[in-house]
Amino acid sequence: MADDVIVTEGLTKVYEGMDVPAVDHLDLEVRAGEVFGLLGPNGAGKTTTAGILTTRVVPTAGRAYVAGIDVVRHPALVKQVSGIVSQQNTLDRQLTVWENLYFHGRLFGMGGRDSRARADELLETFSLSKWAKASVYALSGGMAQRLMVARAIFHRPAVLFLDEPTAGLDPQSRLALWGMLAELNREGQTVVLTTHYMEEADQLCDRVAIMDHGHVLALDTPDALKRSTGADTILTVKVDRDGERLASALARDLGGVVSTRVAGDVVTVQVRGAERLVPRTVDVAESAGVAVLDLAVAEPSLETVFINLTGKELRE
Ligand SMILES: Nc1ncnc2c1ncn2[C@@H]1O[C@H](COP(=O)(O)OP(=O)(O)O)[C@@H](O)[C@H]1O
Ligand SMILES: [Mg+2]
């Protein structure tokens with residue numbers, strides 16, 4: 001489609017010496033102006049996918065285009081239209097905060113005056129002006145992350161890639177970064193991010209591809225993915241024993257049960273219809289002779305979707 005900023009066709013990566021592909025026949029389209037998320041557990045192939053799209057990893061098969069440019073044939077051109085925030089801190093420690101931005105502009109072919117103005121502007125936008133002359137050593141994790149985002153969008157890329165942008169950030173810095181990415185997106189920036197945090201994908205992304213073992217298992221808006229579970233409520237019951245017995249009793253007697261799952265001493269039930277769910281659950285447990293230690297209700301999350309697709313938890 002003309003409005004697609006990224007297209008992949010049968011994109012595949014098999015690392016040398018590995019017998020299973022890290023990325024396996026991936027077909028993706030990322031539209032201009034959206035925040036697109038690759039959500040999946042460790043080893044799902046998120047970084048490899050991002051690596052191919054940012055030309056750091058050479059695919060084994062298939063094709064990938066960024067802004068219509070083939071990543072294998074024209075890696076240098078693809079770099080020009082991409083902004084990259086990788087998992088590591090890639091700031092230049094020999095340079096000041098301001099210089100990290102300025103020299104990025106020069107490296108990307110921008111003139112001195114334009115680069116100076118853009119560096120000043122972005123330090124302002126990202127609340128880093130005070131630190132312009134400081135060494136990057138002086139920055140906290142959250143500030144360093146902000147500087148990396150500022151640097152990544154410095155040359156006005158068609159797409160901004162972020163690989164696990166908030167892994168290791170404190171909750172406050174994480175929220176701040178979410179706000180900043182949302183703001184950039186409001187101004188039109190297309191964003192592709194990888195994450196294993198379902199809340200991050202849910203909050204930030206217009207569409208999410210859920211990945212595992214190099215495959216996309218589902219791809220849609222967070223709301224549509226959650227609706228696809230068929231449940232509107234997730235009931236979590238903690239017991240000290242007889243979890244399996246409680247699960248079958250609930251499946252039989254509670255009504256509206258879409259699925260049950262027992263993991264250790266926790267029974268999770270996906271339910272349609274939340275009316276008086278808590279007292280009804282207690283009733284069923286009592287009739288089944290199972291003692292309930294704790295009980296909670298929540299809405300379905302992307303975690304629910306992931307469990308339904310894979311039988312395992314995203315967090316594991
Ligand atoms: N350079 C590499 N050499 C060999 N195997 C790799 C390399 N990088 C990643 N892998 C393997 O490829 C799979 C996908 O990894 P990765 O793309 O890093 O996943 P994610 O970012 O979702 O955690 C994993 O099984 C990982 O061990
Ligand atoms: Mg990764």
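Me: Let's start with α9 and α10. At what angle do these two helices pack, and how far apart are their axes?

Reply: Happy to begin there. In this predicted model, helix α9 (residues 243-253) packs against helix α10 (residues 277-288) at an angle of about 125 degrees, and their axes are 9 Å apart. That angle makes α9 oblique to α10. As for handedness, α9 and α10 cross in a right-handed way.

Me: Which angles count as roughly parallel?

Reply: Angles under 35 degrees do. Take helix α3 (residues 97-107) and helix α5 (residues 141-152): they pack at about 20 degrees, with axes 9 Å apart. Because of that angle, α3 is roughly parallel to α5. Here too the crossing is right-handed.

Me: And how does α5 sit against α6, parallel or perpendicular?

Reply: The angle between α5 and α6 is about 20 degrees, and their axes lie 10 Å apart. The two helices are therefore roughly parallel to each other. The crossing of α5 past α6 is right-handed.

Me: What comes just after α6?

Reply: Look at the backbone there: G188 takes a positive phi of about 110 degrees.

Me: Let's step back. How is the protein divided into domains?

Reply: Check whether a domain is one stretch of sequence or several. Domain 1 is made of 4-91 together with 139-226, while domain 2 is 230-299. Taken over C-alpha atoms, the centres of domain 1 and domain 2 are separated by 37 Å.

Me: Last one: which residues surround ligand 1?

Reply: List the neighbours, then sort them by class. Ligand 1 has Y15, M18 and A22 around it, along with G40, N42, G43, A44, G45, K46, T47 and T48. Sorted by class, this shell holds four nonpolar, six polar and one charged residues.

Technical notes
Residues are numbered from 1 along each chain as its sequence is written. Chains are lettered from A and ligands numbered from 1 in the order in which they are written. This is a predicted model: local features need pLDDT of at least 70, side-chain atom pairs count only at pLDDT 80 or more; totals for chains, interfaces and linings use all residues. Helices (H or I, at least four residues) and strands (E, at least two) are DSSP runs, numbered from the N terminus. Domain bounds come from an automatic or database domain assignment. A residue is near a molecule or strand if its C-beta atom, placed from the backbone, lies within 6 Å of it. Ala, Val, Leu, Ile, Met, Phe, Trp, Tyr, Cys and Pro count as nonpolar, Asp, Glu, Lys and Arg as charged, and the others, Gly among them, as polar. Axes are lines fitted to C-alpha atoms, for helices over the stretch in contact, and angles run from 0 to 180 degrees between N-to-C directions. Angles under 35 degrees count as roughly parallel, over 145 as roughly antiparallel, 65 to 115 as roughly perpendicular and the rest as oblique. A crossing is left-handed if the near helix is turned anticlockwise from the far one by less than a right angle, and right-handed if clockwise.
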